[in-house]
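User: I would like to learn how to read the features of a protein model step by step, with the general idea first and the particular case after it.

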Amino acid sequence: MKTKFINLALGIAVMLTAVASCKKDSTATTTNTTITPVLNTPTIGTGVPAVFKKIYNATSIYVDGNYVVIKVTSLPDHKSPYYKGTQWASTQYEAYNGTNTLWNQNPNTIAESDVTFRIPLNPAVATTHASTPLGPMGVAINGVPIFNQYAAGGSPLTGEKNSFDQYDGHPQQQGQYHYHAEPYYLTTTKGKDALIGFLLDGFPVYGPMENGKTITNSDLDVYHGHFAVTADYPSGIYHYHTTDADPYINGNGFYGTAGTVSQ
């Protein structure tokens with residue numbers, strides 16, 4: 001009887017050790033699972049102008065010859081209904097709560113999309129003004145790509161606008177989130193007159209206000225910009241503005257000579 005008791009005790013001890021071992025392995029697996037953060041603090045190289053340091057959500061920003069190189073993941077740092085069903089849903093999903101009564105969510109979800117922008121360090125007016133491309137034509141300070149005033153195929157945004165979330169952005173089929181118009185999250189948190197990004201030609205983009213006045217298309221040239229003093233450029237610079245009417249951010253092409261974008 002004593003021998004049977006000892007054998008039983010040893011058997012229970014082995015089972016408990018096995019269970020403990022399984023629990024430890026399970027915990028280790030969970031601990032090693034990594035999720036890409038939605039907000040990235042950029043690594044900034046030497047010589048980067050102060051104004052480009054306002055890009056607060058990027059993986060890296062550095063100078064390469066005559067260009068500022070900006071690398072981003074395209075993930076917005078604000079919430080969105082398009083985060084539903086993604087690995088970031090628990091913290092970043094938010095149901096649509098905007099004012100568009102015609103809002104209709106598109107079937108896409110946000111996905112990480114690594115993009116590298118090479119933007120002229122010293123922007124200058126172009127001899128020939130190139131058309132803006134479909135896809136990224138610039139980058140917002142929160143690392144979200146800026147698209148032009150056209151939907152896929154060069155169609156007007158008339159219908160597609162109804163899929164913009166409460167912060168005026170949405171993802172395309174591959175999941176790349178982007179803005180075609182005023183990024184409400186940035187103009188709300190930074191100010192309606194604040195810097196909100198740069199186009200590929202190196203010229204900055206500002207919100208819809210300047211010196212206490214709401215800017216309209218009639219205040220801007222055919223490229224949707226003008227020359228004026230800004231808080232970031234006290235000597236003045238050509239810059240774009242967002243407006244509430246087409247073309248929203250850019251007009252008939254880049255004012256300056258554009259850099260490049262790769263994905």
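User: How many bridges join strand E5 to E9, and do the two run parallel or antiparallel?

Analyst: A word on the source: this is a predicted model, in which local features need pLDDT of at least 70 and side-chain atom pairs count only at pLDDT 80 or more, while totals for chains, interfaces and linings use all residues. Residues are numbered from 1 along each chain as its sequence is written, and side-chain values use heavy atoms, with hydrogens and water left out. In general, strands of a sheet pair through backbone hydrogen bonds, either parallel or antiparallel. Helices (H or I, at least four residues) and strands (E, at least two) are DSSP runs numbered from the N terminus, and two strands pair if DSSP finds at least two bridges between them. Here three bridges join strand E5 (residues 138–140) to E9, and the two run antiparallel, with Gly138 standing opposite Leu199 in E9.

User: Which strand pairs with E9 over three further bridges, and what is found in the hairpin?

Analyst: E9 also pairs in the antiparallel sense with strand E10 (residues 204–206), over three bridges, and Leu195 stands opposite Tyr206 in E10. The hairpin of E9 and E10 has four residues between the strands, and Gly202 takes a positive phi near 90° there.

User: Is strand E9 buried or exposed?

Analyst: Buried means under 20% relative accessible area, exposed means over 50%, and partly exposed lies in between, using a 1.4 Å probe and protein chains only. Five of the five residues of strand E9 (residues 195–199) are buried, so this strand is largely enclosed by the rest of the structure. For the protein chain of 263 residues, 46% count as buried.

User: In what order do the strands of the open sheet come, and which strands are at its edges?

Analyst: The protein chain has three helices and 15 strands, and five of the strands form an open sheet in the order E1-E2-E3-E4-E15, with mixed pairing. The edge strands are E1 (43–44) and E15 (260–262), each of which pairs on one side only. Strand E4 (residues 115–120) is joined to E15 by three bridges, and these two run antiparallel; the bridge partner of Arg118 in E15 is Thr260.

User: How many salt bridges are there, and which residues form them?

Analyst: A salt bridge is a side-chain nitrogen of Lys or Arg within 4 Å of a carboxyl oxygen of Asp or Glu, and by this rule the count comes to four. One of them joins Asp232 and Lys54, whose closest N and O atoms are 2.6 Å apart. This pair links distant parts of the chain, 178 residues apart, since Asp232 lies in the loop between strand E13 (225–228) and strand E14 (237–241), and Lys54 in the loop between E1 and strand E2 (60–64). Lys54 counts as partly exposed, at 42% relative accessibility.

Another joins Glu182 and Lys192, with the closest N and O atoms 2.6 Å apart. Glu182 is in the loop between strand E8 (177–179) and helix H3 (184–189), and Lys192 is in the loop between H3 and E9, ten residues apart. Glu182 is buried, with a relative accessible area of 8%, whereas Lys192 is partly exposed at 35%. The side chains of Lys213 and Asp219 also meet in a salt bridge, at 3.0 Å from N to O.

User: What is the volume of the largest pocket, and which residues are closest to its centre?

Analyst: On a 1 Å grid over the protein atoms alone, a pocket is an open set of points where a 1.4 Å probe fits, with protein on both sides within 12 Å along at least five of seven lines, and lining residues have an atom within 4 Å of a point. A volume is the space filled by probe spheres set on the points, which are joined across faces, edges and corners. The largest pocket has a volume of about 410 Å³. Of its 21 lining residues, the closest to the centre are Thr99, Lys161, Phe164, Asp168 and Tyr184.
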